[in-house]
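Subject: Structure handover

Hi there,

Here is the structure I promised you. Please open it alongside this email, and I'll walk you through what turned up.

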Amino acid sequence: MAISSSCSSVKAVNSRWTTPSPSPVSKLAVFHRHSLLPNLRYTPNVKLTVTNASRTVEQTTLTEDHKFSTVGSDQDDPSPFPKPKILVAEKLGEAGVNLLREFGDVDCSYELSPEDLKKKVSESDALIVRSGTKVTREVFEAAQGKLKVVGRAGVGIDNVDLQAATEYGCLVVNAPTANTVAAAEHGIALLTSMARNVAQADASIKAGKWERSKYVGVSLVGKTLAVMGFGKVGTEVARRAKGLGMNVISHDPYAPADRARALGVDLVSFDQAIATAEFVSLHMPLTPATKKVFNDDTFSKMKKGVRLINVARGGVIDEDALVRALDSGIVAQAALDVFCEEPPSKDSKLIQHENVTVTPHLGASTKEAQEGVAIEIAEAVAGALKGELSATAVNAPMVAPEVLSELAPYIVLAEKLGRLAVQLASGGKGVQSIKVVYRSARDRDDLDTRLLRAMITKGIIEPISDSYVNLVNADFIAKQKGLRISEERMVVESSPEYPIDSIQVQISNVESNFAGAVSDCGAISIEGRVKYGVPHLTCVGSFSVDVSLEGNLILCRQVDQPGMIGQVGNILGKQNVNVNFMSVGRKVVRKQAIMAIGVDEEPDKKTLERIGGVSAIEEFVFLKL
């Protein structure tokens, strides 16, 4: 479906007045119940408009430590913003719960039925779960868009429907680092206890037996361990296994080869890993590609007598196939902390097998890890509700904090350029093809533009649609609306200290309600850059201008002659409309020029008609930022 647009212009045919949503965004933010990223400019002292169900706050001061204080409202209401409601559906460490209570209203309700969960999320801004709660599409549907963030207290997110979360604009964050060491240590504990039959020997002695010859173990020194998945936990397992004198190989299609080499680990193919290892330790996520990847065919390719450890996800193993491999002797022993169904049935053949050592999902169960996970997920959820992009977000552009900080003013610029560009497209043929050109002195690999593309998409869609767009669902909604967004990067000679020299947005195959915005190639074209931390419009069509993108904007195409600035300024001044910036761009003296005027207030219709009535003005357009 194409997007069509129109905007207010006295000389444009079929024009209409529109009121686009307030502008976003910054890494610095306060909680906004309607937005993942709030409406905030990247400046030391800012003004913003935040609308909620009860009132509108006109001015807010953001201090350097990210706290906020209300200094005015439409009702002179000095009360603070309503606290977000956070539902904690599974046991969370007290340190994390206390941190959440400092920020929002926390409801700790455990062991909820699916129906009770759906009822509570309809009243919640955030939901925190562990591995036992299924956050399904039905849960997101029941939330009706109110749920802004789901926090998974742990590494895996297979119990959260990521596709549904993305479609409903809900950010999903996890806590992938706090329990890394605990999970790795448990993997090594299972490895060593399995090799020496610790659990079976313990049970034997407690049963009154003394069976030294039955529980002869195997040595680890010199044996090959295949680490299947070389992420955070897999890396730590490999590090510790090397300390035990084992030869470590790994399979992970996404692992950096230099990191593996630094640990003395060889990256090999899947088939090579399982065919050469005496021990196989699983550390891969559960995805459609990895579900039951260890099956009859996989076990048939392994060395006879291999030993298997799993502290990742139970679903990566076909448990019936593993029983058959144990019975046939292909797999000598297995040590499992996770299962397809948790808790597993009491009569499970796998659980009862004499060559299997089991623990009840204890990978992250140390006091230190539990507190660490609780704090990590609480900080991620609170940060998301404030509008910050978490480094642990799993369904939004993953951007390092230092990169996010550097790009912050360009994020504001990108959204405003998208908002301006779509208002320059006239109604009729819908917007479909958009090209974004980034000019930068940096190498292609040193410029992450995913955030910028998302914000341009937001700026284009929101003013002419009832869709709410955020960094989570921008690409999905663009595809849904039929938008084709291409990106191009151009290397220019400028200071590499700054990530981007300029951003250009082009809309092709549409008519414009302001002919001056159409470039020589026939596309609506605008360009901007950041100056002293503030976004500026620097080019309209083929005319150079320089105007701060604050407040609102009037563009006039006119005959270049003396007195034009004074005439228009006088009209605005008489109506008490304050001009904050003005710039004139021209190609040839005394021919055509474009005047760009930044205004703090929105002029009324009669004022705009007076501007349009100036004889030398050929066309003009009023644009909301």
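A crossing of two helices is called right-handed if the near helix is turned clockwise from the far one by less than a right angle, and left-handed if it is turned anticlockwise. Please keep in mind that this is a predicted model.

**Two helix pairs**

With that wording in hand, take α17 and α18: α17 passes α18 in a right-handed crossing. Helix α17 covers residues 564–574 and helix α18 covers residues 605–612, and their axes come within 10 Å and cross at roughly 165 degrees. Angles over 145 degrees count as roughly antiparallel, and the two helices are therefore roughly antiparallel to each other. On the α17 side the contact is made by Val568, Ile571 and Leu572, which meet Thr607, Arg610 and Ile611 in α18. Sorted by class, that contact holds four nonpolar residues, one polar residue and one charged residue.

The second pair is α5 (residues 180–195) with α7 (residues 232–243), whose axes come within 8 Å and cross at roughly 50 degrees. This makes α5 and α7 oblique to each other. Here, too, the crossing of α5 past α7 is right-handed. From α5, the residues Thr180, Val181, Ala183, Ala184, Glu185 and Ile188 take part, and they meet Lys232, Val233, Glu236, Val237, Arg240 and Ala241 in α7. By class, the contact of α5 with α7 has seven nonpolar, one polar and four charged residues.

**A parallel sheet**

Next, have a look at the open sheet of seven strands, which runs in the order β12-β11-β10-β13-β14-β15-β16 with parallel pairing. Strands β12 (266–267) and β16 (356–358) stand at its edges with a single partner strand each, so one side of each has no neighbour in the sheet. Further in, β14 (residues 306–310) pairs with β15 (residues 331–336) in the parallel sense over five bridges.

Beyond residues up to four places away in sequence, threonine 357 touches Leu190, Ala199, Gln200, Ala334, Ala335 and Leu336.

Valine 150 sits in strand β8 (residues 149–152). With 0% relative accessibility, valine 150 counts as buried. Which residues surround valine 150, leaving aside its neighbours within four places in sequence? Valine 150 is in contact with Leu127, Val135, Phe140, Val160, Cys170, Leu171, Val172 and Val173. Alanine 165 is 15 residues from valine 150 in sequence, and their C-alpha atoms are 8.5 Å apart.

Glutamate 167 belongs to helix α4 (residues 162–167). At 27% relative accessibility, glutamate 167 counts as partly exposed. Apart from its neighbours within four places in sequence, glutamate 167 is in contact with Arg137, Asn473 and Phe476.

**Backbone details in the loops**

A cis peptide bond joins glutamate 342 and proline 343, with omega at about -5 degrees. Proline 343 lies in the loop between β15 and α12 (349–352).

Lysine 292 has a positive phi of about 50 degrees although it is not a glycine. You will find lysine 292 in the loop between β13 (279–282) and α10 (296–300), and at 40% relative accessibility lysine 292 counts as partly exposed.

Tyrosine 532 likewise has a positive phi, of about 55 degrees, without being a glycine. Its place is the loop between β20 (524–531) and β21 (534–540). With 86% relative accessibility, tyrosine 532 counts as exposed.

Definitions and conventions
Residues numbered from 1 in each chain as written. Predicted model: local features only at pLDDT ≥ 70, side-chain atom pairs only at ≥ 80, totals over all residues. Heavy atoms only, no water. Axes fitted to C-alpha atoms, helices over the stretch in contact; angles between N-to-C directions. Helix = DSSP H or I, 4+ residues; strand = E, 2+ residues; numbered from the N terminus. Parallel < 35°, antiparallel > 145°, perpendicular 65-115°, else oblique. Contact = heavy atoms within 4.5 Å. Nonpolar A, V, L, I, M, F, W, Y, C, P; charged D, E, K, R; others polar. Pairing = 2+ DSSP bridges. Buried < 20%, exposed > 50% of the residue type's maximum accessible area, 1.4 Å probe, protein only.
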